[in-house]
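Notebook open. I want to go through this model piece by piece and jot down what I look up.

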Amino acid sequence: MLNKTGIPTKDQVLSRFPDRKVLIKPKAILECYEDIPCNPCSTSCPFDAIEIGENINKQPQLHADLCTGCAVCVPSCPGLAIVIAQIKGDRAVFKIPYEFLPMPEKGQIWDGINRSGEIICDALIEQVAISSKTDHTAVVTVSVPVDYLYDFVTVRVRL
Amino acid sequence: MKHHELIIIGGGPSGLCAAKMAAEAGIDVLIIDRSPELGGQLIKQTHKFFGSKAQYAKTRGFDIAKILIDQVIHHPHITILKEATVVGLYPDRVVTVYQHETYTRYQADRIIVATGASEKFLAFENNDLPGIYGAGAVQTLMNLYGVLPGQEIIMVGSGNIGLIVSYQLLQAGVHVKGIVEAAPTIGGYKVHASKIRRLGVPIWTSTTVQRAMGKDHLEAVELIDLDAKWQPLLGTERIMSLDALCISVGLSPMHQLLSMVNAKTKYINELGGFVPIIDDHHQTTVKGIYACGDAVGIEEASSAMMEGYLTGLYVATDMQRPHPDSDALKEKYDYELDMLRNGPFGIKTKIGLEKLRKDDIHAQ
């Protein structure tokens, strides 16, 4: 499926999520399902929570106990394949990479989008961080109803 | 005739890296590039690069170009010719350069051919209609000059270039209607494919372009499904309207200059086509003439950089003027290159290189 459409299967997605209890705190979700020569996620992590090892073609492994959800890895991934996820009551809060104009602004409601590119829910923009460190990739904090924890992946401006 | 110790033809990633190493070894280097700016294809790349720290991973391509250019541009041992095309290469290591309507000849003790690659094209009816572009042209127009290639576009080819350029088109506000791929699976990195797909762009595998339609410019294309043997499935034709089509179906190594000196080449599918036979110092079958980067096999720019560094080091060694850190640097870049080729995507290059090295005819 991923090979033909670019859409990972539900099982692939679930394999990258830690237990829901763990997600009381923010954790990185590493959606890298293929051995490619790349390791900035691992080298950028200040807490050694992402392990690739000597062979940079290996897929990253998250040590959820070490991950603080700081989101340094989010704009560091050249594949834009990392989000931070957290459960806060009935909301799932994400930090996602975003590289399009217009940029979202705090307080706006945007469309929540799934991995097939379909609109699935309202997404509340909570914060937009962009700095020289993120090199033009914004890190957008956005919350959606917790039911969409495993489906939500990005936002789109509402038309 | 002007003389330099080393002439490097091509100022892209591999040529620039080779120049750095040779100049650090004290060799007088002339870089010749046909473009107005050095950096090769890197200057059009707005995305963050893969790889590891040694290849400037997570840095955007045009910023990597700046780093590589800064390493050479003020070096006292390096001279740079821009907007200069090498139109002739001779076995006594003479090159003819055409620059600003003037022909000039240069001779060198060693030459490195780092000419990169050219785009492959696709044969279909009306493929010369205005509005049909190669991916390189789209990137030049859009990312260098800020000109959109069209409003509604279809991408042909799902390799990394096709996927990345589709993303850049979306960033520029172009409606990318879909990505056509003749193979049954996506060619490029799946992270790129997922990035495109969640932006709502479908990827149609086992599909090709049958013909283009339009009076004075492209107005529509006819797509058709392919069976397991890549034959068109009649009855699956469908017509889609658009005003631009971008062809990204792979690259061919630019070996033509090497053919002018009768350097032996071999056809190796895994490396992208005809490539020069090189020895373990990247020397071709013509003594004193070397080659590196995409000119000896299509790979990512990250590999081209590592090959460039290595070739600069080899040339310096062969000139009896080794780089002061030669051994340590060779070990480092060899290791880095091996790492880049150590996964499923790199295996193709490894197989290709094995075929190239088999029956190796070393420089005479």
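Before the helix pair, a note on terms: I take axes as lines fitted to C-alpha atoms, for helices over the stretch in contact, with angles running from 0 to 180 degrees between N-to-C directions. My helices (H or I, at least four residues) and strands (E, at least two) are DSSP runs, numbered from the N terminus.

This is a predicted model, so to speak of a local feature I need pLDDT of at least 70, side-chain atom pairs count only at pLDDT 80 or more, and totals for chains, interfaces and linings use all residues. Residues are numbered from 1 along each chain as its sequence is written, while chains are lettered from A and ligands numbered from 1 in the order in which they are written.

**Helix pair in chain B**

I looked up helix H1 (residues 13-24) and helix H7 (residues 301-318) of chain B: their axes come within 7 Å and cross at roughly 35°. For contacts I use C-beta atoms, placed from the backbone, within 7 Å of each other. On the H1(B) side I find, among others, B:Leu16, B:Cys17 and B:Lys20, and on the H7(B) side residues including B:Met305, B:Glu307 and B:Tyr309. The residues of this contact divide into 14 nonpolar, five polar and two charged. My classes: Ala, Val, Leu, Ile, Met, Phe, Trp, Tyr, Cys and Pro are nonpolar, Asp, Glu, Lys and Arg charged, and the others, Gly among them, polar.

**Where the chains meet**

How many residues of chain B are in contact with chain A? I get 34, against 34 residues of chain A. Helix H5 (190-197) and helix H8 (326-340) of chain B each give two or more residues to that side. H5(B) supplies the largest share, eight residues. By class, I count 14 nonpolar, 12 polar and eight charged residues on the chain B side.

Most residues other than glycine have a negative phi, and most peptide bonds are trans.

A:Leu80 has phi near 50°, and sits in the loop between helix H4 (73-76) and strand S4 (82-88) of chain A. B:His282 has phi near 70°, in the loop between strand S18 (273-276) and strand S19 (289-291) of chain B.

Are they buried or exposed? A:Leu80 has 23 C-beta neighbours inside 10 Å, so I call it buried. B:His282 has 25, so it is buried too. (Buried is 20 or more other C-beta atoms within 10 Å, exposed 12 or fewer, partly exposed in between, with C-beta atoms placed from the backbone.)

Last, a cis peptide bond joins A:Leu101 and A:Pro102, with omega about 0°. A:Pro102 lies in the loop between strand S5 (91-98) and strand S6 (109-114) of chain A.

Definitions and conventions: Contact = placed C-beta atoms within 7 Å.
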